[in-house]
Every structure is written in C-alpha cells, then in structure tokens.
Amino acid sequence: MASKGVDVASLEKVMNEMTPVFPNTTISEQGVVAEMDGVKFKPNTDQFEAMAYLKLGKLTTVYTKYPPKKVTIRVSGQNAALNQQRGTALKKYISSRMGVSESNIGIECAVGPEKVTLISSY
C-alpha cells in the first residue's frame, strides 16, 4: 500500500480511532473498512434506530479528526430498493453532519444478509 502512495501510518491512526466505534474494522487496499455494527434501521424503513445515532455521533468525531478523501457505503439486505434508500439516508447523514461532500460518497448495494459497511479512503 505504501508503494501506491498511501500513508499507512495515517490509516493505522484512523483504524485505532475507528475500532472502539466499530470493532470489525480492518485496513485494505481501499482504505479503512468498517462493518457498521450498531447502525441499524427500523424494520422496512430507511429510518435509523436510536442506537445508530450514538454510533454515527462517534463516527463524526473520527471523520472530523481524519477527513476521508472518499467514502463508499455498502448496504446489503433482502430488498434492493430499500438498500438504495438506506444508502442514500446514510450518505445524506454523513454529508450533512460530517462535512464529506456528497460527490465524494458512493453507494454500493447488494442482496444478502442485512449489513452496512463503510469504506474510508485516505
């Protein structure tokens, strides 16, 4: 990764801040990959459950300290249209609360078990 111009030390700092918020956080070629455990939606809606706001508030602290260049949100679940709506809700939240431009936030959707993954590229 260092050969591609990625500052690995910075990624490790971000990971160290992200791990207490989302324990299933790793570093990959794409950046810091966090499974957003605790960021749940109310059943069959794109509305966050209460616990999600606590997790997202902690994420705001990380993103304020270490602003990502690009963010990718991966949303999976049984309903493809709902996955897209949930990704859009997260995109708007991250943009409005964390200062990441909407043009720098991508959404990827897949059918499968309900899961949200956040990829922060630096």
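The chain carries 15 positive and 11 negative side chains, and the centres of the two sets lie 3 Å apart. Here Lys and Arg count as positive and Asp and Glu as negative, leaving out His and the chain ends, with each charge placed at NZ of Lys, CZ of Arg, CG of Asp or CD of Glu. This is a predicted model, in which local features need pLDDT of at least 70 and side-chain atom pairs count only at pLDDT 80 or more, while totals for chains, interfaces and linings use all residues. Residues are numbered from 1 along each chain as its sequence is written, and side-chain values use heavy atoms, without hydrogens or water.

**Fold and overall shape**
- You will find 3 helices and 5 strands (DSSP runs: H or I of at least four residues, and E of at least two, numbered from the N terminus).
- Along the sequence they follow the pattern α-β-β-α-β-α-β-β.
- The C-alpha atoms fill a box of roughly 40 × 25 × 25 Å along the principal axes.

**Packing**
- Buried residues (under 20% relative accessible area, 1.4 Å probe, protein chains only) make up 40% of the 122 residues.
- Of the contacts (heavy atoms within 4.5 Å) between residues at least 6 apart in sequence, 65% join residues at least 24 apart.

**A closer look at Lys55**
- Lys55 sits in helix 2, residues 50–65.
- Lys55 is buried but has no salt bridge (a side-chain nitrogen of Lys or Arg within 4 Å of a carboxyl oxygen of Asp or Glu).
- The nearest side chain of opposite charge to Lys55 is Asp37, 6.8 Å away.
- Beyond its neighbours within four places in sequence, Lys55 contacts Val21, Phe22, Asp37, Gly38 and Val39.

How values were computed:
Buried < 20%, exposed > 50% of the residue type's maximum accessible area, 1.4 Å probe, protein only.
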